[in-house]
Amino acid sequence: MLTPKKSWLSVITITFLFLLPLFLFPQDYPYLIKRELLEMIQSEVSGERAWDMVSKISRFHRIRGGGEGSEYNQCAEYLAKELRQIGLKEVTIKKYRSDGFQKYFFWTSPVGWKVNGAELWMIKPSRKLIARFSDQAVSLMPYSQGGEVESEVIYVGRGRSDAEYKNKNVKGKLVFATGGGGSQVHRQAVLKRGAAGVIVGPSDREDRLQYPDLIEVNRLSPSGEEREKAGFGFALSRRQEKELVSLFRAGRKVAMRAEVEAELFDGNMPVLEAKIIGTEYPSQEIIIMGHLDHYKPGANDNASGSAGMIEMARNLRALVERDAISPLKRTIRFLWLPEIHGAAAYLTKHLDLKEKGICGMNLDMIGEDYTLCQSNFNLICSPYSVPGYINDVLTNLFGWLEGRAFFSPRGSKNRFNFRIRPFSGGSDHVMFNDSTFSIPTPMLGHGDVFHHTSLDTPDKCDPTEMKRIISLALAATIFIANADDEDALELAREVFTQANIRMTRRTQRSIRLLHQYASDTDKRNNLAELYSNIINYPIVQAQVETANLEEIKELGKEKATQSAIDSLIKDLNRQIADEKDIINSTYDLFLERYELNKEDFQLNDLYKKASSLKPKRLFKGPLPGNYLRENLDEKGSAWYTRNRAKIGRSYGSKIYEIVNLMDGNRSLLDIRHIVSCEYNETDVEFILHFAGDLKKLKLITFE
Ligand SMILES: [Zn+2]
């Protein structure tokens, strides 16, 4: 046994020996940004202050194209004042015509709209208030024309097809429909048949059944030509819809009186722009955007992103003043946009951003309380067609966001819950990622059951999540804005590592596909074709990743940095042969296992044609989702509905990518491989057909 004295000594010795490695070998530190700076950022960002701004912004009914005197314009001015108070020098509001006629790229501006108030009263069988704009702004459908009418209410079922109006005279009357789709009901009842206005219940969305008083936003979208004929619309909750339906079922006569004080006119879309000019590389810009518009309250969508950018601007000023960071070397451009249409308008006047924009971030719905909103955080990556490193900078920091230090005093104690998803559209990042600009712009956002409803209120917005996502965007911004050669190298190694993983994962997906085809007697016929496609994916993926790595050179000037990146690219490309070997040997294994003959796939005419055609796009800006439907004849657009299986999943994202990749150098077959690599298998016939349609519409040429 040891004597007590000796035992103390040995405890000290052992403790020392255990601690020694900590001094000799620093702990693994995974982040691109130094710990001290991350801690400063964490202390600086206030989820509470951001939440407070959400509640301020959500007081405004922010409908795009409002024009002078509208609450949208007032809100933009309010934020401009706030930014000037924070100390930003370059704060401008730029206005773009919005009258329902003016087009920006292929996107027609919304009609200008102003509203003062609206009420809907039931007169028969009993007298009571149904809806009042000042109670619930979304109960009046945005872009409703003003008017006053007292009439019988005609029940038209769902009211979206001609059949439902048979033998019903709705002219000059109020029309009631169930099941949502306010804009379509308005089109049928008012624009086509001269009704005065529509009253519409909510859609049948399963996840909203538990909220009987929720009112969905139903936006009427009259074009410039339809302004004169437009009427108004009221949106009801499920509870209200049920009550009305039961009156009609009981055979009661229903009459209502509507008063709408609103106006459709030549409006404008203000874009609020604030810049912090870079000290060393002012012409390299990081563009941080969020849409300011939407109905009141629109707390998470998108007062949260708008407030997040105000907080970021404040934090950037404060961190410089505290000497926590040096003044930013590269320029930051903040944009508060009228969603998509406003972004299109702004970009038509800022084509120089193609050269200046090195990356972007779209903050759209950044504050969701996970539990209340049935949601989680989504990083929607920038697409394969737009090379860059911003996705990897953001994902590198996810581990940091796990910490309890992000818990905000009035916020939730939820731990960070995130998904990383491939590119998809639906918000302003589609404009910036379009190859007219090629600014890699991921979207930072959440899914949300209350999206576009009366219940998207500030209480659904979580100060803890606000603090997390603002900190994430801010840290990435500071890192890229101030990156030097050392940072560029560190980043290149990070992107290289993630690229390796992506290549391995791609191969894994390919192997799973091979197995599905080999083991399925129906799919077996196409196994040889599948193999002949997927054996290209290691090269395709390596090309995508090489382009990502190349982009980092814009952050490091020194020759040593550039050649270090080149050697990482070489290493990465060495992996192609390994991945091909893995695919080949697994393929052989499956053939043996299922007793199949190895067949060579003879490239048929479709493949030959696709590899010979090199399309080049002739238009700027992304195609609107309904472009083909509106510009092809009925037979032409029916092809797409009939051939869903050939397109595979992610139709919208694929269309976007295919257009983006049409640069005159890539063949249609190259493009087919890239979108299949990024999303899922895509039939070459679909690519050919789609390109043929674009050619017909004079949107592309073949080089
Ligand atoms: Zn949004």
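A helix here is a DSSP run of H or I that spans at least four residues, and helices are numbered from the N terminus; in this predicted model, Asn302 belongs to helix H7. The peptide bond that leads from Asp301 into Asn302 is cis, with omega near -5°.

**Overall build**

Counted over the whole chain, the secondary structure amounts to 24 helices and 19 strands. The chain is as compact as a globular protein of its length, because its radius of gyration of 29 Å is close to the 27 Å that the globule rule gives for 703 residues. Along the principal axes, the C-alpha atoms fill a box of roughly 95 × 70 × 60 Å.

The domain assignment divides the chain into domain 1 (46-99 + 268-481), domain 2 (112-265), domain 3 (483-602) and domain 4 (605-703).

**The contact between domain 3 and domain 4**

The C-alpha centres of domain 3 and domain 4 are 24 Å apart, and the contact draws 12 residues from domain 3 and 10 residues from domain 4. Between them the two domains bury about 870 Å², of which 54% lies on carbon and sulfur atoms. On the domain 3 side, Asn533, Tyr537 and Val540 lose the most area to domain 4, and together these residues account for 47% of what that side buries.

What kinds of pairing, salt bridges or polar contacts, are counted across this boundary? The count of salt bridges between domain 3 and domain 4 is zero, whereas nine residue pairs are in polar contact, with both residues at pLDDT 80 or more. The elements that contribute two or more residues to the side of domain 3 touching domain 4 are helix H14 (485-519), helix H15 (527-534) and helix H16 (537-551). Of that side, H15 supplies the largest share, four residues. By residue type, the side of domain 3 that touches domain 4 divides into six nonpolar, three polar and three charged residues.

**Backbone exceptions**

Most residues other than glycine have a negative phi, and most peptide bonds are trans. The table lists the sites in this model that depart from that pattern.

| Site | Backbone feature | Angle |
|---|---|---|
| Lys296 and Pro297 | cis peptide bond | omega about 5° |
| Asp301 to Asn302 | cis peptide bond | omega near -5° |
| Phe105 | positive phi, not a glycine | phi about 50° |

Pro297 is placed in the loop between strand S12 (281-291) and helix H7 (299-321), while Asn302 is in helix H7 itself. Phe105, for its part, is in the loop between strand S2 (103-104) and strand S3 (107-108).

**Salt bridges**

Side chains of opposite charge can pair when their charged atoms come close. With a side-chain nitrogen of Lys or Arg required to lie within 4 Å of a carboxyl oxygen of Asp or Glu, the count comes to 43 salt bridges. One of these joins Asp266 and Arg97, whose closest N and O atoms are 3.4 Å apart. Asp266 lies in the loop between strand S10 (255-265) and strand S11 (267-276) and Arg97 lies in strand S1 (residues 90-98), so this pair ties together parts that are 169 residues apart in sequence.

Key: Residues numbered from 1 in each chain as written. Heavy atoms only, no water. Domains from an automatic or database assignment. Contact = heavy atoms within 4.5 Å. Buried area = accessible area lost by both parts, 1.4 Å probe. Polar contact = N/O pair within 3.5 Å; in protein donor to acceptor, adjacent residues only side chain to side chain. Nonpolar A, V, L, I, M, F, W, Y, C, P; charged D, E, K, R; others polar. Rg over C-alpha atoms; globule rule 2.2 N^0.38 Å.
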